[in-house]
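The following note was prepared for a colleague who wishes to go through the structure point by point. Please read it with the sequence and the coordinates open.

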Amino acid sequence: MKSTASGWNFNYTTRDIVIIAVIAAIAGVVNTGVGNIWYLANSSLGPLGGALLQGTFMWAYVLVMWLVRKPGAALFLGIIETAVEVLLGNASGIGTLGWGITQALGVEGVMAISNYKN
């Protein structure tokens, strides 16, 4: 009889780390550009204008959790991705790190409830 293993696997392979780092770097660049569009929408259309684009910042978290599915993967991505945004000159500055960590913890919470499975 085959036993099923828990989804809580903290053994990151080199492949997992490279996937997280590459997606985080790409997302940092893309989200910096989208952030400028978000600021424009937020200032011209009000808070609802920015809210229309808020979900576009989450694509990298979904992609990483689909590829890696290990606890902490979204958090690692969030920290690296927002650090890239800060280094590229995101208008929010260091406050961007707070957004990345908060979004990552939300994704980690959802994945923990599903036990990091399908």
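Is Trp 99 buried, partly exposed or exposed? The points below begin with that residue; the model under discussion is a predicted one.

1. Accessibility of Trp 99. This residue counts as partly exposed, because its relative accessibility is 44%, which falls between the limits of 20% and 50%.

2. Aromatic pairs. Three aromatic pairs are present in the structure. One of them joins Trp 38 and Tyr 39 in an edge-to-face arrangement, with 5.0 Å from centre to centre and 75° between the planes. Trp 38 counts as buried because its relative accessibility is 13%, whereas Tyr 39, at 24%, counts as partly exposed. Trp 38 also pairs edge-to-face with Trp 99, with the centres 5.8 Å apart and the planes at 75°. Trp 38, Tyr 39 and Trp 99 form one aromatic cluster.

3. The largest pocket. Its volume is about 160 Å³. The lining comprises 16 residues, and those closest to the centre are Phe 57, Glu 85, Thr 96, Trp 99 and Gln 103. Helices α1, α4 and α5 (95-113) each contribute at least two lining residues. By class, the lining of this pocket has nine polar, five nonpolar and two charged residues.

4. The nonpolar core. The largest such core contains 17 residues, and Val 64, Met 65 and Leu 77 have the most contacts inside it. At least two residues of this core come from each of α1, α3 (59-67), α4 and α5; the largest share, five residues, is supplied by α1. Apart from neighbours within four places in sequence, Val 64 is in contact with Ile 20, Ile 23, Arg 69, Ala 73 and Leu 77.

5. Thr 82. This residue is part of helix α4 (residues 73-87). Thr 82 counts as buried because its relative accessibility is 2%, and the cut-off is under 20%. Leaving out residues up to four places away in sequence, Thr 82 touches Thr 96, Leu 97 and Gly 100.

6. Val 22 and helix α1. Val 22 lies in helix α1, which spans residues 14-45. With 43% relative accessibility, Val 22 counts as partly exposed. Between the C-alpha atoms of Val 22 and Ser 43, which are 21 residues apart along the chain, the separation is 32 Å.

Notes: Residues are numbered from 1 along each chain as its sequence is written. This is a predicted model: local features need pLDDT of at least 70, side-chain atom pairs count only at pLDDT 80 or more; totals for chains, interfaces and linings use all residues. Side-chain values use heavy atoms; hydrogens and water are left out. Helices (H or I, at least four residues) and strands (E, at least two) are DSSP runs, numbered from the N terminus. Buried means under 20% relative accessible area, exposed over 50%, partly exposed in between (1.4 Å probe, protein chains only). Contact means heavy atoms within 4.5 Å. On a 1 Å grid over the protein atoms alone, a cavity is a set of points where a 1.4 Å probe fits but cannot get out, and a pocket is an open set with protein on both sides within 12 Å along at least five of seven lines; lining residues have an atom within 4 Å of a point. Grid points are joined across faces, edges and corners, and a volume is the space filled by probe spheres set on the points. Ala, Val, Leu, Ile, Met, Phe, Trp, Tyr, Cys and Pro count as nonpolar, Asp, Glu, Lys and Arg as charged, and the others, Gly among them, as polar. A nonpolar core is a set of buried Ala, Val, Leu, Ile, Met, Phe, Trp, Tyr and Cys residues joined through side-chain atoms within 4.5 Å. Rings of Phe, Tyr and Trp (its six-membered ring) pair if their centres lie within 6.5 Å; planes under 30 degrees apart count as stacked, over 60 as edge-to-face and the rest as tilted.
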